[in-house]
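Please read the following report alongside the sequence and the model.

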Amino acid sequence: MPILQPIGRTFLIFLATAGRLSLFAANGLSHSVRPPIYMRLITRQMIDIGYYSLPVDGSTAIFTGMVLALQSYTGFARFAAESAIPNVVVVSITRELGPVLAGLMVAGRVGAAMAAEIGTMRVTEQIDALDTLATNPFKYLVAPRLIAGITTLPLLVFVADIIGVFGGYVVSIYKLGFNPSIYLKNTIDFVEVEDVASGLVKAAVFGFLITLMGCYHGYNSKGGAQGVGAATTNAVVSASILILCFNYFITEMFFAR
Amino acid sequence: MSPRTNGAAQKIQIRGLHKSFGPKVVLDGLDLDVAVGESVVVIGGSGTGKSVLLKCILGLLTPDSGSIKIDGEEVVGLGSRDRDRVLRKFGMLFQNAALFDSLPVWENVAFGLIQGEGMDRTDAKKVAIEKLAAVGMTAEVGELSPAELSGGMRKRVGLARAIATAPEIIFFDEPTTGLDPIMGDVINDLIVKCVQELGATTLSITHDMASARKIAHRVAMLYDGKIIWAGPVANIDGSGNDYVDQFIHGRAEGPIQMQVRAD
Ligand SMILES: Nc1ncnc2c1ncn2[C@@H]1O[C@H](COP(=O)(O)OP(=O)(O)OP(=O)(O)O)[C@@H](O)[C@H]1O
Ligand SMILES: [Mg+2]
């Protein structure tokens, strides 16, 4: 059966990759919790991931919040349900759109840069050099990035939540003629801790996935500039797909009871 | 002049080392000894596996088979903690310097001191500047980024980094390639000094016979995956080995056929 062969081979390759990736992740995580912890490097990564992503993060959030209010209005007006707009905006942003969009934007920005940087270090033998200087590359390169990703993404998403809700607020007040204090009161009364918390948990997981993919593909890149290019693409694509996939499962974990 | 006597302690002992990349056999049963305090130079054509040999000893590449002993301790297949300990004995100059381009030059040189030995950054910077001076570079260069250096300057910074922690064993992969003749000789002197003053054991790779004659106690020639000749540097002109003769005189005619024809 020659049709089954390629399927089987693909499946085996998939299993092998999943195995290598799990080992890589376990190794990176175990170095993240064992001393020495390089605070200096972690801080630098946090600034890179967090601070420098703020413009992208904020502009994504504000336009998303704005369009959400506008779309809900045009839809809900048919059922005379316009008053539900603040509720829709805040729940959609905190639960789904904040973490997912921030995750995807950061994957494009940070995941790519990480894969390129580590990939270049690999092909120019800088990772070998680290090793010979008695510094574990997992400890020095991977662990600080994982820690920074896991801790910074929730902060970014929290900011995105606030800016996104603000975007919806602006459109509702100035374009759709809502009463500002009623809009705010509806928002605050409706949103629950669990909405925000689930979004922040997602953010932490996405931060891990983005940095893991950046490090993994960079670390294993080979073959010069072309290899680094491929690593960069793979890091972004795989992180994006994993984000959407894990998003479903985390949502199910939180809300499908 | 060689401190090597029969039965002297071997710093590095390699037996039956094999390494292939796919179908391509690079090292094919290589044996090599380096005694304590000895300076051995490996010569051989481009692409014969000299860099691969160094990387196997450092554990950056895993040999397919064979044994590598450092101070009598088998290092092939060592666990990560033991490997860390063994690696602290080494300094390595990479063929392409492999400087960290995210760090300024001085921090590259001080890297082993700060990360490996936990030295204070200000003290480490002082040492780094001394080491840079030893390779003919000023303190100002220390503040530059590696991307702002010429090829020869990068090589010298790599050299300064390799010797900064005063390691017991230092590997030099083509230390003088890309340097002008005068700086090349300064580097040769520096390597000799490392051996004499630090008592370091060195294993160097070079194509530069003048450099080999100056720094080597012993020369070993790598050809076809094996060491085909090894002996004191003084004997190199009378080795009686056609391969060695061809190599040291740089003749196109001889037993070593470079694959330059398209047939
Ligand atoms: N990571 C690798 N993957 C595949 N092949 C490799 C790898 N590293 C080295 N090789 C091959 O091994 C052979 C020996 O390479 P090596 O770099 O050791 O040569 P060399 O003797 O140092 O040459 P040169 O004097 O030009 O530096 C080459 O043919 C090279 O193609
Ligand atoms: Mg080489």
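Predicted model: local features only at pLDDT ≥ 70, side-chain atom pairs only at ≥ 80, totals over all residues.

## The largest cavity

Residues are numbered from 1 along each chain as its sequence is written, chains are lettered from A and ligands numbered from 1 in the order in which they are written, and side-chain values use heavy atoms, with hydrogens and water left out.

The cavity has a volume of about 50 Å³, and its lining comprises Asp57(A), Thr60(A), Ala61(A), Thr64(A), Ile93(A), Leu97(A), Gly98(A), Leu101(A), Ala102(A) and Ala160(A). The elements that give two or more residues to this lining are helix H3 (54–76) and helix H4 (85–123) of chain A. A cavity is, on a 1 Å grid over the protein atoms alone, a set of points where a 1.4 Å probe fits but cannot get out, and its lining residues have an atom within 4 Å of a point; grid points are joined across faces, edges and corners, and the volume is the space filled by probe spheres set on the points. By class, the lining divides into 6 nonpolar, 3 polar and 1 charged residues, where Ala, Val, Leu, Ile, Met, Phe, Trp, Tyr, Cys and Pro count as nonpolar, Asp, Glu, Lys and Arg as charged, and the others, Gly among them, as polar.

Chain A has 9 helices and 0 strands, and its C-alpha atoms fill a box of roughly 65 × 55 × 35 Å, taken along the principal axes.

## The six-stranded sheet of chain B

In chain B, an open sheet of 6 strands has the order E6-E7-E8-E3-E9-E10, with mixed pairing; two strands are taken to pair if DSSP finds at least two bridges between them. Strand E6 (90–93) and strand E10 (226–232) of chain B stand at the edges, each with a single partner strand, so one side of each is left without a neighbour in the sheet. From one strand to the next the twist averages 15°, with axes fitted as lines to C-alpha atoms (for helices over the stretch in contact) and angles running from 0 to 180 degrees between N-to-C directions.

Strands E7 (residues 169–173) and E8 (residues 201–205) of chain B pair in the parallel sense over 5 bridges, and Phe172(B) stands opposite Ser204(B) in E8(B). Strand E9 (residues 218–223) of chain B instead pairs with E10(B) in the antiparallel sense over 6 bridges, Leu222(B) standing opposite Ile227(B). The hairpin of E9(B) and E10(B) has 2 residues between the strands, and Asp224(B) takes a positive phi near 55° there. Helix H6 (residues 151–163) of chain B lies across E6 and E7 of chain B, running at about 175° to E6(B).

## The four-stranded sheet of chain B

A further open sheet in chain B, of 4 strands, has the order E2-E1-E4-E5 with antiparallel pairing, and its edge strands, E2 (24–35) and E5 (73–74), each pair on one side only. Strand E1 (residues 10–21) of chain B is joined by 5 bridges to strand E4 (residues 65–70) of chain B, with Ile12(B) opposite Ile70(B). Helix H1 (residues 50–58) of chain B packs on the sheet, touching E1, E2 and E4 of chain B, and its direction makes about 115° with that of E1(B).

E1(B) and E2(B) run antiparallel and are joined by 9 bridges; in their hairpin, which has 2 residues between the strands, Gly22(B) takes a positive phi near 60°.

## Where the chains meet

In the interface, 18 residues of chain A are in contact (heavy atoms within 4.5 Å) with 24 residues of chain B. The two chains bury about 1,800 Å² between them, 54% of it on carbon and sulfur atoms, buried area being the accessible area (1.4 Å probe) that two parts lose on being put together, summed over both. Glu125(A), Thr132(A) and Leu133(A) supply 32% of the area that chain A buries against chain B, more than any other three residues.

Definitions and conventions: 1 Å grid on protein atoms, 1.4 Å probe; cavity = no way out; pocket = protein on both sides within 12 Å on 5 of 7 lines; lining within 4 Å.
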